[in-house]
Amino acid sequence: MLKFTAIEMKDKNKMERYFYQYGEGSCQHSFAASYCLFSKYGDMICEKNNVLYILRSHRCTEKERIYLFPMMDTTCDRKVKEAIEEILDDAHSHGAAVRFETLTAKAKDRLQELFPGRFSAESVRDYAEYIYTYDKLVNLSGGEMAGKRRYFNKFMREYGARTIIEVIRPEHVPEILEFHKYWLETKKCRNLQLEQENEAMHLAFAHYAELGLSGIVIYIDKKLCGYIYGAPLSDTCFDALVGKGDRNVPNIYRVLYREFARLCCQGYEYVNWEEDLGDEGLRNAKMMYKPDILLEKFVVRELEYYE
């Protein structure tokens with residue numbers, strides 16, 4: 001029997017022990033994201049027999065109960081099978097089938113090896129995560145990054161003397177919140193995703209230090225024109241959670257991401273820019289940086305469950 005409870009700040013260290021060891025650098029395995037995006041996903045946890053189970057309660061339906069792949073040592077077939085059977089029992093006790101969201105290829109393969117014919121799997125391009133080396137983002141080295149260097153240098157020629165870049169401190173937060181309000185007002189349309197992101201951003205800054213976040217702000221002519229923050233996903237990978245820039249400033253996002261990596265991601269081999277969620281412009285921009293890893297993600301469904 002799995003007894004799920006809502007994520008609280010006191011769960012941070014426990015969850016991150018599992019995420020750092022078993023998370024594969026995926027942005028789905030971020031305590032900061034789970035905590036701040038509770039209104040969207042409703043992540044709840046259960047720790048049992050050295051396994052961390054995560055239920056996405058706000059994504060569940062009457063027919064399907066939604067989980068992440070259990071966080072555990074997957075080298076022992078017996079233990080993995082027991083953990084999946086716990087999830088199957090939990091879903092069936094609610095009269096629902098199991099659906100796993102955003103599984104990596106490694107997790108998907110493990111599941112299908114141990115439960116042949118029990119689950120279908122669909123690769124979802126919108127969920128693929130863009131992961132880059134720290135060196136690529138900071139140094140923009142090599143021929144494939146020549147265009148990015150030109151854009152960065154163009155920004156610095158035009159705005160460099162008027163630009164101040166600082167690591168986020170508590171005194172920056174009121175200006176960031178005001179800028180985010182302005183940024184939302186410039187959007188042509190508002191949707192549920194933006195509203196959930198706005199709520200998550202406010203929650204993040206209300207608990208910035210507790211969540212272990214770090215980020216930067218960019219000022220041009222003493223006016224805040226952009227911010228970005230993130231948190232570690234493991235000892236080797238850092239996650240860029242939220243970044244917003246003034247669309248009236250050319251190349252502001254190129255500078256935000258480069259300087260964020262330089263100032264906040266030292267000591268990490270990789271930086272995760274997360275998914276594009278099907279946004280064509282965002283996909284093109286992220287692909288132009290030639291991701292070192294395009295982390296494929298799968299939705300996996302239990303087949304032929306009947307109540």
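Residues are numbered from 1 along each chain as its sequence is written. In this predicted model, local features need pLDDT of at least 70, side-chain atom pairs count only at pLDDT 80 or more, and totals for chains, interfaces and linings use all residues, while side-chain values use heavy atoms, with hydrogens and water left out.

Rings of Phe, Tyr and Trp (its six-membered ring) pair if their centres lie within 6.5 Å; planes under 30 degrees apart count as stacked, over 60 as edge-to-face and the rest as tilted. Phe4 and Tyr67 form a tilted pair, because their centres are 6.3 Å apart and their planes are at 50°. Phe4 lies in the segment before β1 (5-6), and Tyr67 lies in strand β4 (residues 64-67), 63 residues apart. Strands (E, at least two residues) and helices (H or I, at least four) are DSSP runs, numbered from the N terminus.

Phe238 and Tyr268 pair edge-to-face, with centres 5.2 Å apart and planes at 70°. Phe238 belongs to strand β11 (residues 237-245), and Tyr268 to the loop between α10 (252-264) and β12 (270-272), so the pair ties together parts 30 residues apart in sequence. Phe238 is buried, at 3%.

Ring pairs also join Phe4, Tyr67, Phe69, Phe100, Phe115 and Phe119 into a cluster.

Charges sit over two further rings. The criterion is NZ of Lys or CZ of Arg within 6 Å of the ring centre and within 35 degrees of the ring normal. Arg254 lies over the face of Tyr151, 4.0 Å from the ring centre. Arg258 lies over the face of Phe152, at 4.7 Å.

How values were computed. Buried means under 20% relative accessible area, exposed over 50%, partly exposed in between (1.4 Å probe, protein chains only).
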